[in-house]
Amino acid sequence: MISQAVGGWLTGALASALINGLLILLVQRLPLLTKAGWFHAWCLGTLLAASIGWRGWWAVVLYLALGSAVTKLGFAKKESLGIAEARGGRRGPENVWGSAATGALLALATLLPGAPKQLLLSGFVASFAAKLGDTFGSEIGKRWGRSTVSLSQWKPVPPGTDGAVSLEGTLASLAGSLLFSAVGWALKLIPAGQIPLITAVAFFACLIESLIGAELQPRVSWLSNEAVNGLLTVIAAGLAMVLLH
């Protein structure tokens with residue numbers, strides 16, 4: 001029985017690897033990821049399709065598309081101010097896993113015997129809802145935030161400062177969290193009744209991430225932006241699963 005299950009999973013993983021490879025060959029010229037980023041996206045997509053199916057794969061594709069789109073908004077202005085994303089907004093491997101490591105682990109956990117699959121899927125959606133909310137808040141706040149303050153010290157700081165928030169960026173963060181929660185529902189990863197809770201948890205995690213960026217990141221040498229993003233997704237997924245459980 002176990003050998004049949006393992007054999008079935010390996011067959012599915014091979015099929016998803018081939019399909020993902022073909023799809024990436026078709027779209028790799030789009031200015032979304034670096035060459036290495038596309039390879040790691042292939043690894044992530046293969047893992048997701050082989051664990052929680054193509055609905056999980058679609059969720060992350062939509063996350064990437066929405067995050068890249070909001071990054072490009074007002075990009076020339078952000079570039080002139082020196083606060084634009086590096087590499088023209090293209091994401092590399094560190095960005096892929098900083099955003100998706102938590103979700104990938106939760107997806108793999110659904111394969112364990114007796115795993116609480118719905119709870120894990122809710123954590124999966126919450127992790128990406130928080131990261132999309134963070135991206136919306138950061139990119140819109142940097143470009144259109146009229147008054148940017150440090151969340152921990154509540155004093156004005158330049159746009160793009162780690163841990164800085166603005167009213168515009170905060171509202172955008174809430175919108176991004178809600179948008180991905182709705183994506184999770186549309187793809188039948190979560191029931192509609194979980195949208196408010198996951199949105200709230202994701203938004204709260206974004207605020208905590210701002211505090212971490214303002215207070216801890218300058219003091220802890222190994223706490224890179226990608227590590228902070230990883231903590232953001234862990235906080236969101238963990239809170240969602242605890243509250244739902």
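The buried residues of α7 pack against α3 (54-72), α6 and α8 (195-216). Buried means under 20% relative accessible area, exposed over 50%, and partly exposed in between (1.4 Å probe, protein chains only). Contact means heavy atoms within 4.5 Å. The model is predicted: local features need pLDDT of at least 70, side-chain atom pairs count only at pLDDT 80 or more, and totals for chains, interfaces and linings use all residues. Residues are numbered from 1 along each chain as its sequence is written, and side-chain values use heavy atoms, with hydrogens and water left out.

Helix α7 covers residues 167-186. Helices (H or I, at least four residues) and strands (E, at least two) are DSSP runs, numbered from the N terminus. From first C-alpha to last, the 20 residues of α7 reach 29 Å, close to the expected 28 Å. The expected span is 1.5 Å times one less than the number of residues. Among the buried residues of α7 are Gly169, Ala172, Ser173, Gly176, Ser177 and Phe180. An α-helix has 3.6 residues a turn, so residues three or four places apart point the same way. Just after α7, Lys188 takes a positive phi of about 65°.

Thr110 lies in the loop between α5 (93-109) and α6 (117-144). Thr110 is buried, at 5% relative accessible area. Its side chain reaches the backbone oxygen of Ala107 at 2.5 Å. Leaving aside residues up to four places away in sequence, Thr110 touches Ser51, Ile52, Ala115, Lys117 and Leu120.

Cys43 is partly exposed, at 26% relative accessibility. Cys206 is buried, at 5%.

Definitions and conventions: Polar contact = N/O pair within 3.5 Å; in protein donor to acceptor, adjacent residues only side chain to side chain.
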